[in-house]
Structure formats: C-alpha cells, structure tokens
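Subject: Structure for you to look at

Hi,

Here is the structure I promised to pass on. Please open it alongside this note, and I will go through what turned up.

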Amino acid sequence: MGEQPIFSTRAHVFQIDPNTKKNWVPTSKHAVTVSYFYDSTRNVYRIISLDGSKAIINSTITPNMTFTKTSQKFGQWADSRANTVYGLGFSSEHHLSKFAEKFQEFKEAARLAKEKSQEKMELTSTPSQESAGGDLQSPLTPESINGTDDERTPDVTQNSESRAEPTQNALPFSYSSAISKHWEAELATLKGNNAKLTAALLESTANVKQWKQQLAAYQEEAERLHKRVTELECVSSQANAVHTHKTELNQTIQELEETLKVKEEEIERLKQEIDNARELQEQRDSLTQKLQEVEVRNKDLEGQLSDLEQRLEKSQNEQEAFRNNLKTLLEILDGKIFELTELRDNLAKLLECS
C-alpha cells in the first residue's frame with residue numbers, strides 16, 4: 001500500500017532559531033495540516049506538514065524522541081536527523097493532548113518495529129555486525145536547544161492574537177473596514193470548502209447509487225441462496241452432503257449480510273457528510289449576508305464622514321470671516337476713540353480759554 005496518512009490535525013508550525021537556539025521562528029503564516037504517515041513497506045512512522053507545495057515538517061519518529069507539552073496549547077519535539085526542534089501551536093488543549101497521545105502511540109510502535117528488525121538482524125548477522133548497528137546521535141538535544149519553559153512558548157502566537165483584537169479607540173470607519181476584510185477572507189475560505197464538499201457530494205451520490213445497486217444484487221443473491229437451500233433440503237437424499245452444502249451457503253449468507261451492514265453504515269456516513277455540506281452552505285449564505293450588511297454600513301459611515309468634513313470646513317470659513325469682521329470693528333472703534341479723545345482735548349482747551 002505504500003505510505004498512507006493515519007491521523008491529521010491543524011496547528012501553527014514553528015522551528016527553533018538555529019542562531020540563538022532559544023527563539024521560535026514561524027514556518028507557516030497560518031494554521032496548516034499536520035499528519036502522521038505510516039510506510040508499511042519500511043515499517044516507518046513520519047510527521048509531515050505542507051504549506052502549499054513546500055514541506056515544512058518531514059520528521060521520522062524514532063524510539064528516542066520525546067514530545068513535550070510546554071503550555072496548554074503548545075508542544076515540541078527534537079529531531080536529531082533534521083538537526084532542529086519543531087514546535088506546534090494548537091487551537092485548544094484537546095487537540096494538543098490528542099496529538100501527544102498519537103505521538104506516544106506511534107513512538108512505541110516504532111520501538112517495537114525496531115526491536116523486531118534487530119531480532120532479525122541478530123539471526124542473520126555476526127556479533128561484530130550487531131555491535132556496529134544503532135542510530136547516529138546528533139549533538140543537538142531538546143535540552144540544549146529549548147532553554148527554559150518560558151523561552152519555549154512562542155511569542156509569535158501571542159503577538160498574532162493581540163493583533164487580531166481591534167483597539168477601543170479606533171474610528172468606526174477603520175473598524176468596519178477590518179471587519180469587512182475579515183468576512184471577505186472567511187467567505188473565500190468557505191467558497192473553497194464549498195467547492196470541495198460539492199465535488200465530494202457528487203462523488204458520494206454516485207457511490208450511493210452504485211452501492212444501492214450492489215445491495216439489491218446482494219439481497220437477490222441471498223434470496224436465491226435461501227431458496228436453493230430449501231430446495232436442496234427437500235430434494236437431496238444425502239443428508240450429510242446437504243448439511244455440508246447448507247453450512248457453506250449459510251456462511252455465504254452471513255458474509256453477504258455483513259457486507260450489507262458495512263454498506264449501510266457507509267451510506268449513513270455519506271448522509272451525514274451531505275448534512276454537513278448543507279450546514280456549511282447555510283453558514284456561507286449567512287456570512288455573505290453579514291458581509292453585505294457591513295458594506296452598507298461602510299457606505300453610510302463614508303457618507304457621514306464626508307458630511308462632517310464639509311461641516312467642519314464651513315465652520316472654519318465662518319470663524320475666519322467673523323475674525324476679519326471683528327478686526328474691522330476694532331479698527332473702527334480705535335478711530336472713534338481717537339476722535340473722541342481729540343474732541344475732549346479741544347473742549348478742555350476751550351474751557352480753559354473762556
């Protein structure tokens with residue numbers, strides 16, 4: 001069968017900084033799929049993750065590896081063959097615990113496989129060849145690279161979470177734009193998922209029709225075999241031969257019934273997938289409606305902002321005109337005061353002369 005995926009989850013992927021040996025460097029911009037693969041031909045377990053077409057994790061599980069939980073949502077392990085330390089940031093503690101359980105399970109399976117291969121080598125190899133075996137150990141260990149528990153927690157995840165929260169002092173217009181971009185990204189993701197689910201749904205529908213035809217054929221075959229058993233019981237005079245043939249037919253019927261049960265379970269699973277696809281379609285429609293509402297609100301806010309700018313400009317012009325008028329009145333008042341002062345002096349001189 002070759003190499004097949006046996007467990008998958010989603011997480012943010014990090015690698016230790018090769019220069020500082022302490023800080024984490026993100027190797028994916030967003031959460032990606034991280035899968036356990038099993039190669040039945042070589043009896044090897046691997047952890048593989050792809051970001052687009054680039055492999056950001058390609059780690060073979062060995063018995064001396066250890067997966068360490070450094071926080072509620074972050075775990076790490078050292079790969080001496082790749083000469084690095086991988087870190088995974090999960091969305092919940094449950095996903096981290098599940099990944100750690102699978103790591104321990106496949107690590108134990110790798111250990112048993114290694115012991116079996118060593119036993120086979122002991123039977124076919126000389127003692128000198130046995131002493132020459134073993135894995136090459138790299139000087140890079142988790143203790144020398146990871147540092148303290150505080151240093152193991154990636155700052156990148158915290159920064160990305162803090163950037164995702166809008167500030168309380170942000171303007172309504174910029175806040176609505178951020179919401180609009182967020183919903184647009186969600187809508188694009190849902191469209192991609194919807195296309196994949198639609199293709200899977202069409203394939204599942206075709207499979208369901210085929211399985212229904214197979215079920216009908218199995219049922220007809222079962223009825224025919226039951227009739228055949230009845231005929232053999234009535235016609236055959238050799239009881240032992242009939243009994244043997246009947247036993248074989250009963251076994252065939254049981255196998256057909258088990259096959260029918262498996263097909264029925266598969267049909268139920270496909271029905272559930274169809275229901276999930278419908279739910280995702282409803283979510284996509286709801287998000288589309290919310291996005292339209294946000295766009296309408298953005299337009300209203302843009303109109304209000306333009307109106308406020310016009311009012312502000314008009315108010316500034318009125319204030320400037322008022323200041324100019326006030327300056328003119330002050331100048332006129334200064335002239336009148338000066339004239340009154342001269343008139344007062346002239347009247348005082350006239351009174352003195354008289």
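Asn 43 is partly exposed, with a relative accessible area of 33% (buried means under 20%, exposed over 50%, and partly exposed in between, using a 1.4 Å probe and protein chains only). You will find Asn 43 in the loop between S3 and S4. Its phi is positive, at about 60 degrees, although Asn 43 is not a glycine.

Before going further, please note that this is a predicted model, where local features need pLDDT of at least 70 and side-chain atom pairs count only at pLDDT 80 or more, while totals for chains, interfaces and linings use all residues. Residues are numbered from 1 along each chain as its sequence is written, and side-chain values use heavy atoms, with hydrogens and water left out.

Arg 42 sits in the loop between strand S3 (32-39) and strand S4 (44-51). Helices (H or I, at least four residues) and strands (E, at least two) are DSSP runs, numbered from the N terminus. Arg 42 counts as exposed because its relative accessibility is 53%. Its side chain is joined to that of Asp 39 by a polar contact of 2.9 Å. A polar contact here is a pair of N or O atoms within 3.5 Å; within protein, one must be able to donate a hydrogen and the other to accept it, and residues adjacent in sequence count only if both atoms are side-chain atoms. Arg 42 and Glu 3 are 39 residues apart in sequence, with 9.0 Å between their C-alpha atoms.

Another positive phi, of about 55 degrees, belongs to Asn 83, which is not a glycine. Asn 83 is in the loop between strand S7 (74-79) and strand S8 (84-89), and is partly exposed at 45% relative accessible area.

Now for the inside. How many cavities of 30 Å³ or more are there? The count comes to two. A cavity is a set of points, on a 1 Å grid over the protein atoms alone, where a 1.4 Å probe fits but cannot get out; lining residues have an atom within 4 Å of a point. Grid points are joined across faces, edges and corners, and a volume is the space filled by probe spheres set on the points.

The second largest cavity holds about 40 Å³ of space. Its lining consists of Leu 190, Asn 193, Asn 194, Leu 197, Leu 280, Gln 281 and Arg 284. Helix H6 (172-235) and helix H7 (239-353) are the elements that give two or more residues to this lining, and H6 gives the most, with four.

Asn 194, in helix H6, has a side chain that makes a polar contact of 3.2 Å with the side chain of Gln 281. Setting aside neighbours within four places in sequence, Asn 194 is in contact (heavy atoms within 4.5 Å) with Gln 281 and Arg 284.

As for the whole protein, the secondary structure comes to seven helices and eight strands. Of the 354 residues, 24% are buried. Among contacts with a separation of 6 or more, 59% are between residues 24 or more positions apart.

Best wishes

Note on methods: 1 Å grid on protein atoms, 1.4 Å probe; cavity = no way out; pocket = protein on both sides within 12 Å on 5 of 7 lines; lining within 4 Å.
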